[in-house]
Structure formats: structure tokens, C-alpha cells
Amino acid sequence: MRSRALDWSRKPDLYKKYPAGLERFTLEEPERSEGLPLYSAISLRRSVRDFKNRAVSESKLSQVLWASQGITSQSVSHQFRAAPSAGALYPVETYCLISRVDNLMSGIYHYQITDHKLTLLREGRFGQTLAGAALSQSLLAEASFVIIWSAIVERARWKYEQRVYRYIYLDAGHIAQNAALAAVSCGLSSCPIGAFFDDEVNKIIGIDGEKETVIYMIAIGEPE
Ligand SMILES: Cc1cc2nc3c(=O)[nH]c(=O)nc-3n(C[C@H](O)[C@H](O)[C@H](O)COP(=O)(O)O)c2cc1C
């Protein structure tokens, strides 16, 4: 990349916004001091592929989402998130397929980072469809919830041009590890999922696969 002036007038918005009319759920305020200590969570984290067929509490879902990408500090002009991001451009968007979580109907949601809310995009049971889109990995249907991460490429390409994909994938790794450790910390288990057909997952969460495309997922539930 040659050094060049950035066109600030074209800087993309850092937050995806869905229409106001959609149903929204305010998640519980995240806990910032309880839970398993960090080193214990690191040593206990394993990829787990068998989950109990049981609902998890909404507070645990809230905790994992916040730890993955929630707002952790605010300056005059900028909100900083739980995971680092190249240039603080945060190209990764978070969706959640909920199968079994207390107080929340099954469906596909978008995580609204600014106010820690979930926007309901599609109501229904999509666990089997998601498993079908991921080489029949049945853990995706058995998990209480699956976080699906996409990238809005232009948000980071605006600054990083051809380096954009490297930075998107590095961002996603940070985010997913935060989610995995937060899951352990609140008594849940997880398995990262990179094997899936992009077009099929894009269709499930309703994104175009060009401007915005799926990059990674993590299945989460109570371990068997
Ligand atoms: C980028 C990435 C993609 C992965 N994709 C899958 C997957 O599609 N299915 C699966 O069962 N495990 C998947 N895993 C989990 C790995 O198999 C697992 O991390 C590895 O066996 C090491 O075990 P551990 O996570 O328990 O330490 C993936 C892990 C990573 C980092």
C-alpha cells in the first residue's frame, strides 16, 4: 500500500442498521467482574461438539455477545469494543441463530452493538438448515445458539485496500476467541466452525455475499 490521503467524506458507517420497525430485545447488562478467572478459562477451553438439549439463560447469551464485540469504552469521537480491530473500523457484523435461550424466541437475530440489543430478522427454527449448510455438522442444530460473523468488506477496504481480507480474518479470530473464553467463563462450551458453504449461510442470515459475506461461526451450548 502506498501512502495516500484518506477520503474521510467516504468513510463507511461503522454500524449496520436494520429498519426501525423490526422487533428488538434489550439484553441484560453484562457482568464485568464475575465468572471464571481468565487463566482457568484458557486452560479449560476445548472445542466441544455435544451439547445438552437445554435452554441457556439469556444472561449467558448476553455475556458471550458482549465479550465478543460489545462496547467497552468510549472516547469523545469513538466507541471501542471488546476485541481489537485494525484501524478501529470493525468490519465484522454479528448475527445469532437462537435455538434454545430463555425468554427469546427461536430465530435469526442481528446483534446491535451500540445498545446491546438483538434485532429479530427471521423467526423460526433454523438449526437444521444451518447444519445442512455446514457439511451436515449436527452440532449446529444441537447448540443452544450459534454466533455467525460476517464482514462488511468496504468498511475496512476504505482504508486498507488489498490488505482488507487479512485484517478482516485477524479481527474475526480475536472476536471468536473472546466468545469462546466468555462461554467457558459462564459454564458453557463452544466449537468454532469454519467449514460451511458461504452462499447457503449468507442466504440464512439474509446478506448478499458480495458487499457483506459470512466468515466464521461458533456453536455454543451446555456441554453434555
Ligand atoms: C478456523 C477454525 C475453523 C474450525 N472449523 C471447525 C469446523 O468446521 N468443525 C469443527 O468441528 N471444528 C472446527 N474447528 C475446531 C478445531 O477442530 C479445533 O480447534 C482443534 O481440533 C483443536 O482443538 P481445541 O479447540 O479443543 O483446542 C475449527 C477451528 C478453527 C480455529
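I take helices (H or I, at least four residues) and strands (E, at least two) as DSSP runs, numbered from the N terminus. With that rule I placed G35 in the loop between β1 (24-26) and α1 (38-44).

**Ground rules.** The model is predicted, so local features need pLDDT of at least 70 and side-chain atom pairs count only at pLDDT 80 or more, while totals for chains, interfaces and linings use all residues. Residues are numbered from 1 along each chain as its sequence is written, and side-chain values use heavy atoms, with hydrogens and water left out.

**G35, continued.** I then looked across the sequence. G187 is 152 residues away from G35, yet their C-alpha atoms are 8.6 Å apart in space.

**Whole chain.** I listed seven helices and nine strands in the protein chain. The C-alpha trace spans about 55 × 40 × 35 Å along its principal axes. I compared the radius of gyration, taken over C-alpha atoms, with the globule rule of 2.2 Å times the number of residues to the power 0.38. For 224 residues a compact globule would have a value near 17 Å, and the protein chain agrees because it has 17 Å. Of those 224 residues, 50% count as buried. I next took contacts, meaning heavy atoms within 4.5 Å. Among those between residues at least 6 apart in sequence, 77% join residues at least 24 apart. For surface I used the Shrake-Rupley method with a 1.4 Å probe; for residues, only the protein chains shown count as cover. The protein chain exposes about 11,100 Å², and carbon and sulfur atoms supply 50% of it.

**Ligand shell.** The ligand is surrounded by R45, R46, S47, R49, Q137, C191, P192, I193, G194, A195 and Y216. Strand β8 (residues 189-193) gives the largest share of this shell, three residues. I sorted the shell into five nonpolar, three polar and three charged residues. My classes: Ala, Val, Leu, Ile, Met, Phe, Trp, Tyr, Cys and Pro are nonpolar, Asp, Glu, Lys and Arg charged, and the others, Gly among them, polar.

The cut-off for a pair of N or O atoms is within 3.5 Å. An N or O atom in the S47 side chain is 2.5 Å from a ligand oxygen. A polar side-chain atom of Q137 lies 2.7 Å from a ligand nitrogen. For R45, a polar side-chain atom lies 2.9 Å from a ligand oxygen. Taken alone, the ligand exposes 630 Å², and the protein buries 56% of that.

Note on methods
A residue is near a molecule or strand if one of its heavy atoms lies within 4 Å of it. A polar contact is a pair of N or O atoms within 3.5 Å; within protein, one must be able to donate a hydrogen and the other to accept it, and residues adjacent in sequence count only if both atoms are side-chain atoms. Buried means under 20% relative accessible area, exposed over 50%, partly exposed in between (1.4 Å probe, protein chains only).
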